[in-house]
Number of protein chains: 2
Amino acid sequence: MMSDNTGTVKIERITGNKRETLEDLISREIALKIVCNGREIAALLCSPVHLDYLAVGYLFWEGFLNSRKDISGLVVDEQNATVKIDTVHNVYNTDEGSRDMPLRRIRAGNSNFKINSQLRVTAEEVFNLVNEFQSRSEIFKDTGGVQGAALCNREKILVFADDIGRHNAIDRIFGESILKDMSTEDCMVITSGRITAEMLVKIARKGIPVFISRSAPATLGISLAKEMGMTVIGFVRGQRMNIYSNGWRVISDGSPK
Amino acid sequence: MMSDNTGTVKIERITGNKRETLEDLISREIALKIVCNGREIAALLCSPVHLDYLAVGYLFWEGFLNSRKDISGLVVDEQNATVKIDTVHNVYNTDEGSRDMPLRRIRAGNSNFKINSQLRVTAEEVFNLVNEFQSRSEIFKDTGGVQGAALCNREKILVFADDIGRHNAIDRIFGESILKDMSTEDCMVITSGRITAEMLVKIARKGIPVFISRSAPATLGISLAKEMGMTVIGFVRGQRMNIYSNGWRVISDGSPK
């Protein structure tokens with residue numbers, strides 16, 4: 001499936017004793033510059049579409065804005081792969097190590113986020129959502145080079161994004177929900193890739209109680225999730241899932257009363 | 001397979017209508033602090049073993065050191081998840097945006113690296129190396145959460161590393177080769193994950209002419225590889241591979257004379 005996210009390149013393919021030259025579908029990527037209140041904040045390698053969503057999600061995460069009403073100007077300059085955003089309050093982030101912020105919190109054993117949502121979801125709903133997620137991740141099947149992320153409620157996927165970077169994909173779904181003024185209350189997040197501790201903190205900052213992946217978390221992520229009150233579900237494949245924390249949110253046959 | 005890189009956690013598994021509690025194997029991760037010449041340079045989420053390799057590889061990449069003889073002191077403090085390294089010349093990296101360095105170069109369309117190696121490798125050698133690589137990546141099969149990287153010559157894997165982060169895995173193989181004073185001339189690198197443009201620049205900095213992955217590169221990476229003179233091979237599975245750039249280094253039936 002050809003899209004703005006893909007391009008074709010000429011490759012050589014070796015199959016056993018055969019060598020041929022052919023056109024292959026490849027993920028496109030650009031180096032995006034994000035400027036906030038006149039200051040260059042970041043350079044990100046990313047997929048080339050919806051740069052506004054990515055930039056807003058990134059700036060949310062970095063603490064420059066919290067909602068749509070914080071944004072006073074937004075210009076996407078596709079030619080120069082630049083997004084310029086002005087904010088109402090010039091929250092000049094003076095912490096030079098801001099990208100390490102989640103790590104510093106994690107290292108301090110303190111994420112500062114507590115999730116109070118009483119959301120519960122059935123195992124069947126999770127299986128259905130992951131099924132829908134998989135069928136949306138078409139580009140991944142074609143190019144093998146893209147990570148997907150989705151914001152969903154119990155019934156359906158509300159926002160879907162893919163990007164060559166897994167953190168970018170999550171930034172994109174939050175950026176889109178901020179620009180569209182969508183509530184993320186009682187929402188869940190699905191990702192195709194590994195569950196990192198940074199991601200968990202990112203998602204907790206949005207108060208999201210359930211994080212679902214086809215892949216696995218690691219030990220630090222699980223401790224964090226327990227501490228923050230987040231339900232982490234991994235290895236969702238077919239009719240099977242692993243629940244790593246706060247299983248009370250998942251209703252199934254044999255679930256705790 | 002249990003190792004220092006893995007731990008067990010109690011999970012709930014739902015399979016169809018069955019719900020059970022069991023112990024599962026999970027990747028361990030820590031938040032590592034890297035201190036160079038008394039200054040904290042980075043906080044990285046990483047697997048908990050061989051922190052010296054990771055720190056040296058990271059500092060190589062960040063421009064603080066180039067070889068073993070640049071290192072005047074190295075202390076691994078496992079308790080506090082900290083590695084302290086002193087260098088002979090206090091190359092104080094004043095570029096606050098140093099982590100963006102590869103991106104800035106990529107954006108400027110100029111990697112500054114030219115690979116002159118005349119190394120050639122047969123398709124069969126590539127298949128064999130990837131086979132060996134796969135069998136070394138045991139932990140990935142168990143936990144689904146680890147990326148592998150290897151430094152190899154035409155015959156065999158010389159250095160292998162895995163880590164919860166794919167960039168960490170590459171930093172580790174370079175860190176180990178620096179600490180062991182190994183030449184990387186005419187070596188190749190294999191990675192399990194997606195080929196990012198940053199990785200290509202990292203590898204080019206070591207003058208390595210061939211980069212092999214089971215996954216795919218994206219467009220920017222391919223342009224960069226062509227410009228730098230690097231051979232990029234992706235989607236190596238069974239007896240099949242895609243060559244994205246500088247195919248002259250790969251010898252096979254039907255290869256260009």
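In this predicted model, four strands of chain A form an open sheet in the order β4-β3-β6-β5, with mixed pairing. Strands here are DSSP runs of E with at least two residues, helices are runs of H or I with at least four, and both are numbered from the N terminus. Two strands pair if DSSP finds at least two bridges between them. The edges of the sheet are β4 (39-46) and β5 (71-77) of chain A; each has a single partner strand, so one side of each lacks a neighbour in the sheet. On average, neighbouring strands are turned by 15° against each other, direction ignored.

β3 (residues 30-36) and β6 (residues 82-87) of chain A pair in the parallel sense over four bridges. A:V35 has A:K84 of β6(A) as its bridge partner. Helix α5 (residues 166-179) of chain A lies across β4 and β5 of chain A. This helix runs at about 120° to β4(A). Axes are lines fitted to C-alpha atoms, for helices over the stretch in contact, and angles run from 0 to 180 degrees between N-to-C directions.

In chain B, the axes of α5 (residues 166-179) and α6 (residues 197-205) come within 11 Å and cross at roughly 5°. α5(B) and α6(B) are therefore roughly parallel to each other (angles under 35 degrees). From α5(B), B:R166, B:H167, B:I170, B:D171 and B:F174 meet B:E198, B:M199, B:K202 and B:I203 of α6(B) (contact: heavy atoms within 4.5 Å).

Residues are numbered from 1 along each chain as its sequence is written, and chains are lettered from A and ligands numbered from 1 in the order in which they are written. Local features need pLDDT of at least 70, side-chain atom pairs count only at pLDDT 80 or more, and totals for chains, interfaces and linings use all residues; side-chain values use heavy atoms, with hydrogens and water left out.

Definitions and conventions
Angles under 35 degrees count as roughly parallel, over 145 as roughly antiparallel, 65 to 115 as roughly perpendicular and the rest as oblique.
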